[in-house]
Amino acid sequence: MAFGAPTAAAPHGHATVAPPTSSSWKHATTLFSSSKLSGGIGGQRARLVTAVHALAPATSVPAPFPPPNAEYLAAEFSGHGVTFEAVGDSCVVKMLVRNGSAAHLLLPSGLVTSYKPAMWHGASMEVLHTTVGEGPGGMPVIRGGVSVDLRCARGVSGDAPPSTWSPGGAWSLRDVRGGPTGSIEVELVSVEPPGNGAAEARCVVTLSPDALASELTVTNAASSSSPVALSGAVSNHLRVSTPDATYAVGLQGSDYRSREPIVSEFSILLPDSARLQQPHWAKRIDMFLSGEGAAAVAQEPDGEEDDDFKHLTAEMCRIYSHAPRDFTVIDRGRRNSVCLSRRGFEELYVFSPGSKHEWYGKYAYVCIGPAMLKPVVLAPGATWQGAQCIRNPNL
């Protein structure tokens with residue numbers, strides 16, 4: 001899988017067209033073959049174990065993002081099987097390929113709110129779980145779906161004061177490629193605020209007839225004066241009938257550690273934590289992606305998974321290490337399954353809210369996704385690449 005050189009992003013949500021990179025995700029079976037670090041001295045994978053504990057919650061807060069202009073985006077990127085719809089201060093990017101598989105992406109948050117793959121019987125089925133609640137000031141808030149949390153930390157060693165930047169909530173649309181007869185690629189970009197450094201994050205979301213993939217690239221510019229410690233996680237809220245009918249297949253032999261659930265901006269909060277608001281969730285996710293998560297991985301595992309057909313009926317939250325790159329989640333209630341793959345992420349996060357909640361209700365989901373808790377150090381000029389894929393085996 002080839003990657004194009006990063007290009008500068010237009011400020012504050014305006015789309016620019018970059019030269020197209022080579023096809024990224026046309027065949028899911030070839031996604032996970034390339035190395036995840038490149039570039040000069042930073043091309044070697046380095047781990048922060050002790051210095052990472054000095055990380056503080058995010059100190060680089062980007063300026064408020066203006067609402068994306070749906071009309072402008074539609075005029076700029078029409079003809080690719082993509083439509084744009086303004087919803088409040090956000091813009092929904094709707095993708096549809098010829099066999100009926102569809103996905104919705106929200107800007108500027110980058111949240112994937114819907115993925116409906118086509119099934120063998122001819123209809124499509126929603127595999128992501130989202131909820132709409134009330135946020136600060138009574139504004140509606142969408143939670144769940146597929147969310148990306150990345151943390152780029154500077155100043156974790158040396159005399160420079162520490163600062164942390166996250167591209168979340170500040171994604172701009174850079175390009176749309178492909179079309180409904182094959183696959184559709186939507187490329188997003190986010191740039192570190194001036195004065196803090198020169199890192200750039202790219203996210204290419206690809207809808208193909210049988211898969212939804214997210215390809216991530218983070219580059220620390222060659223002109224940067226300091227290295228970046230990168231950590232991150234991708235949360236997939238998968239819709240199920242009930243966790244009591246849900247199984248994770250293929251985790252046998254993986255080490256695991258139990259921990260408290262990740263709480264981020266897009267987490268679906270259980271009733272006993274529903275009052276958790278910003279900045280409390282922001283602190284929780286920063287702690288998880290900095291010292292707390294790395295320390296947990298460094299500890300001895302709580303055990304080894306002995307069940308290759310792991311029943312997710314009980315409330316649980318685990319970090320798996322040495323887990324397979326590909327495994328399957330089966331929901332017997334909906335008679336559905338999805339295959340999850342990852343590249344560039346060493347750990348796997350698995351959360352189940354338990355089966356005491358209503359079937360097909362607000363808490364009828366499991367949250368599973370790749371995680372990188374031991375930060376990777378990117379020297380100036382270095383690039384990290386990671387990816388995940390949700391594949392539909394039911395065509």
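This report looks at the cysteines and the salt bridges of a predicted model.

## Ground rules

Local features need pLDDT of at least 70 and side-chain atom pairs count only at pLDDT 80 or more, while totals for chains, interfaces and linings use all residues of this predicted model. Numbering runs from 1 along each chain as its sequence is written, and side-chain values use heavy atoms, with hydrogens and water left out.

## Cysteines

A search of the whole structure turns up 0 disulfides (a disulfide being a pair of cysteine sulfur atoms within 2.5 Å). Cys 339 is in no disulfide, and the nearest cysteine sulfur, in Cys 389, sits 9.1 Å away.

Cys 339 is buried at 13% relative accessible area, and Cys 367 is buried at 5% (buried means under 20% relative accessible area, exposed over 50%, partly exposed in between, with a 1.4 Å probe and protein chains only).

## Salt bridges

The structure holds 10 salt bridges (a side-chain nitrogen of Lys or Arg within 4 Å of a carboxyl oxygen of Asp or Glu). One of them pairs Arg 174 with Glu 187, with the closest N and O atoms 3.7 Å apart. Both Arg 174 and Glu 187 are buried.

Glu 187 also meets Arg 202, at 3.0 Å from N to O. Arg 202 is buried too, at 5% relative accessibility.

Elsewhere, Arg 325 bridges to Glu 346 at 3.6 Å between the closest N and O atoms. Here Arg 325 is partly exposed at 34%, and Glu 346 is partly exposed at 28%.
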